Amino acid sequence: MSTELGHFALILALATAIMQSILPMVGAARSDTRLMNVAPMAAVTCFALVLLSFAALTQAYLTSDFSVLNVFENSHSLKPTLYKFTGVWGNHEGSMLLWILILAFFGALVAVFGNNLPPTLKANVIGVQGWILVAFLLFIIFTSNPFIRISPPPFEGQDLNPILQDIGLAIHPPLLYLGYVGFSISFSFAIAALIEGKIDAAWARWVRPWTLTAWMFLTAGISMGSYWAYYELGWGGWWFWDPVENASFMPWLLGTALLHSALVMEKREALKIWTVLLAIMAFSLSLLGTFLVRSGVLTSVHAFATDPTRGVFILMILCVFIGGALTLFALRASSLRAGGIFAPISREGALVLNNLFLTTATMTVFVGTLYPLFLEVISEEKISVGAPFFNLTFGPLMVPLLLAIPIGPLLSWKRGDLLGAMQRLYVAILGGFAVALIVIYVQTGAPILAAVGIGIGIYLIIGSMAELWMRAGLGRMAFSKSLGRLKGLPRSIYGTAMAHFGVGVTVIGIVAVSAFSSEDIVAMQPKDQIEAGGKTIIFEGIENAQGPNYQVQIGHFTIMEAGREIGKTTSEKRFYPARQMPTTEAGIVTYGASQLYVSLGDPQANGGLVVRIWYKSWVTFIWYGTVFMVLGAIISLSDRRLRVGAPAARKTKATAQQGASA
Amino acid sequence: MIKVLTSFIALIFLTLSVPAFAVNPDEILEDAELEARARVISADLRCLVCQNQSIDDSDADLARDLRVLVRNRLVEGDTNKQVIDYVVSRYGDFVLLKPSFSAKNLFLWIAPALFLLIGGLLAFVKLRNPDHEKVSSPLSSDEKDKLKQILDQ
C-alpha cells in the first residue's frame, strides 16, 4: 500500500514540477505577481512529494518487502538494518530517486531562503529548477521506476552488492549528489540571468553561497569516496583516474574555477560572460557524470548498445539542457555588459590564471575520459587511457596553479605588485625551500621531485596564512592591536586561508605517500614476522568465522615496536554467498599521520598465506587536507555577507563596491 | 571479432569488482633492480579483463600471466621498451594504460597544451583589448539616482 502511495506521490511530483516549470516563468515574463508566487509553493510541494516517495521506498527496504522488484533485486532479509537503509540508494533506481530528492530539496531551499532575490529572478530560477525536475522525473517514472511490483513475491532477496555494504559507501553518494545537484542552482541562476538579460555583482553574490555549498559537498563526497576505495578495495590506492571518479572530479574542478571567477564578478563586475558560462558548464559536467555512470557506457560501449533506453534518455536530457543552455548563452551573452578593467598583474589577473589552469585541467580529464569512447565509435579501435596518462598531463598543470595560490590573495585588485607579493611571501618561499632541502638530506635517495613536491606543500601551508598575517599587520604594530584587526577580518578571508591551507596539506600527503611508502609482499606462516615502517608485525594465524550474511577468514596480527607490543590488528577476507562475491577488509592502524595497511592474499600450497603490508607515509594528510577545505567553505558560508537570506540587493551592492575599493 | 568481443564482455562481468591482490611472492624476481623495472612496466599495462586496473594491481589470472611474461622477458635481457612492444604486439594498444604517441592519439596528447595555449591567448587578447563597450559603461541606477538628486538641488 505504502509503495503505491510512494509511486503516486512521484507522479504527483511530476505534475507539480510541470506547473513549477511553466507558471512562474510566464509570470516573470508578464510581471504577474500571482503567477510568480506559484514558484515557492510549487517547489516546496514538489520536495514534500518526492520526500514522501523516498520514504515509501525506504519503508519497503526496511521491511524487506520483496514484492517490490527493486527491493528483491538489491536487498536481503539478513542484511544489517543500516545497510537495508543505505541500500535504498545502492542501486540505479534508488540512487536516481535520491538524485531527484536532492534536486527538489535545493529548489525548496531557494524558495524558502530566496526572499532577498528580485521577484522575477527568483521565479525564473525556480522555474528552471522545475525544468530539470520534470526531465528527471520523466526519466525515473518511465525508465527506472523503483516501485514496480512482482507477483508472486519471492521469499528472499538477491542481496546488495557486498562491496556497497560499507558505511563509507553509504555516506558517499548522498554527499556526492548534494554536490552534483547543488550546481543545478548556479545553472538555474545563469539561465535566469540570460533570460532576463541582466546580470550584475549582486547576482554573483547570490550565486556564490550556492556554489560554495555545492562545492563543499562535492569535496567531501569525493574525499569520502577516495578514502572508501583506499580501505575497501584492498590495495591501498586512493585515486585511480577511473572514469567514474573523473565524472565527479570534472564538476569539482570547474566548480572550483566558478567559485573564483564569481569572486571577480562580485567585487569588480568583470568576467561576467565567463562566469555565466562556467555556471552552465559546471552543471553540464554534473549531468555528463550522471550519464556516464548511469548509462553503462563506461563499462563498454556495447553494454550501452544492448540496453540503450536509459542511456538514450539521459543523453537526450543532456543534449536538451546543455545544448539549450549554450544556445541561449550564444544568443544573449553579447547583451551582458562587461565590467571593470584590470591589468594582467592584479588579483583579477591571478584569478584568471586560476581559471585558465583549472579549465585546462578539466578539459584534460574530459578528453582523457571520453577519448577511448570516441575512438571506439569512429574507428572500432580500442585504447586505454589510465593513470599514467593523467599523471603525466594533469600533474604538470597543477604546478603553476599551486604556486600561484598564495600569491593571488596578496595582489591588489585592478593593478597589483607581483614583486611586492613575492617579497611578502618570503617566509613561505624560504620555508618550502628549506623543507625540500631537509627532505633531500634526510631521505637520501629520495626522488628530487618528491622533495620539490613537499616543498610546494609547505610553501602553500605557510603562504595560505600570508593574507591573514598582512591584513592583521602582525609585526608592524603592537601585537594586541594586530589581534584586534585579526578578529575584525571578514570570515571569508579565514575561509579562503583555511581552504588553501588544506590544499597544501593534501599535496604533502599525495607526494609523501607516493614517494616514501614501503611495500612488502610475503608468504607468511603463523608466528612469522616482518618489519615495516620501523615496526615488527607478527602474523598470529587465521580464524574462520561467520558474519550476519557472509563467511569470513580473519587474519590476526600483533604489532611490536622496540620489543614491546603496541597494538593488534585484523585483516579480513569475506565471502557473500548470496552474490557469490568476495570482499576484503584491510587491517589499518594509524600512527601519527601514517598508516600501517595489512591486506590478506591467497593461501599458498605449503600452508602459508600471502600477506601484503604497506607502510603508507603521511597518507592521512590527503584526506585531512580535504577536511580543511570543507571547513574553509563552512567558515566562508558563515560570513554574514554571504549568508543565505542575508542583506538585500541594495545593501549587497554597496558592500560590493566597498570591497572593490578596499 | 564479434565473438571475441562478447567473450571479452563476459570476462569483464566475471571479474568486475573482484578485490585485487596484485603481485604474489613467488613471482618476485631475485634481482631487485629487474624487479623494480618490472613493477614500473606493470603499472603501465592494463589488466585486459578488469575495469581500469593495471596488471600490477590486479589478481586476475590474465594479469598474473602478463606479470610473469614481463618478468621473463626482463630476465632474458629485454629493455623496458622491448618488453612493452612485445606485449603490445600480442595484445594490441588496448593493453597500454598510457596510450602511444601515434597519429590516432595525437589529439589526446596535444589537447592539454592546445587548450592552455588557446585559453591563454584568448585571455591575453581580452585583457589587452577590453571590450570597447565597457569604456563608456552606462550609469548604474544608484549613480542615476545620485545624479538626479544633484541635478534636482
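This is a predicted model: local features need pLDDT of at least 70, side-chain atom pairs count only at pLDDT 80 or more; totals for chains, interfaces and linings use all residues.
Residues are numbered from 1 along each chain as its sequence is written, chains are lettered from A and ligands numbered from 1 in the order in which they are written, and side-chain values use heavy atoms, with hydrogens and water left out.

The strands of chain A are described next. Helices (H or I, at least four residues) and strands (E, at least two) are DSSP runs, numbered from the N terminus. Two strands pair if DSSP finds at least two bridges between them. Strand 3 (residues 535-546) of chain A runs antiparallel to strand 4 (residues 551-561) of chain A, and 10 bridges join them. These two strands form a hairpin with 4 residues between them. Strand 4 of chain A also pairs with strand 5 (residues 564-576) of chain A, in the antiparallel sense, over 11 bridges. Here A:Phe557 has A:Thr569 as its bridge partner, and A:Gly555 has A:Ser571. The hairpin of strands 4 and 5 of chain A has 2 residues between the strands, and A:Ala562 takes a positive phi near 50° in this hairpin.

Strand 5 of chain A pairs in turn with strand 6 (residues 581-585) of chain A, antiparallel, over 5 bridges. A:Phe575 is bridged to A:Pro582 in strand 6. Again the strands form a hairpin, with 4 residues between them. In its turn, A:Gln580 has a positive phi of about 55°. In a regular strand the side chains alternate between the two faces of the sheet.

Aromatic rings were examined over all chains. Rings of Phe, Tyr and Trp (its six-membered ring) pair if their centres lie within 6.5 Å; planes under 30 degrees apart count as stacked, over 60 as edge-to-face and the rest as tilted. The count comes to 32 aromatic pairs over all chains. One of them joins A:Phe249 and A:Trp252, which are stacked at 5.9 Å centre to centre with 10° between the planes. Both residues lie in helix 10 (residues 243-268) of chain A; because they are 3 residues apart, about one helical turn separates them. A:Phe249 and A:Trp252 are buried (buried means under 20% relative accessible area, exposed over 50%, partly exposed in between, with a 1.4 Å probe and protein chains only). Ring pairs link them into a cluster whose members include A:Trp215, A:Phe394, B:Phe101 and B:Trp109.

A:Thr506 is found in helix 21 (residues 491-516) of chain A. A:Thr506 counts as buried because its relative accessibility is 10%. Leaving aside residues up to four places away in sequence, A:Thr506 touches A:Phe621, A:Ile622, A:Gly625, A:Thr626 and A:Met629. Contact means heavy atoms within 4.5 Å.

Chain B has 7 helices and 0 strands. Of its 153 residues, 34% count as buried. Among contacts in chain B between residues at least 6 apart in sequence, 55% join residues at least 24 apart. Chain B exposes about 9,100 Å², with carbon and sulfur atoms supplying 62% of it. Accessible areas come from the Shrake-Rupley method with a 1.4 Å probe; for residues, only the protein chains shown count as cover. B:Ile118 lies in helix 5 (residues 106-128) of chain B. With a relative accessible area of 45%, B:Ile118 is partly exposed.
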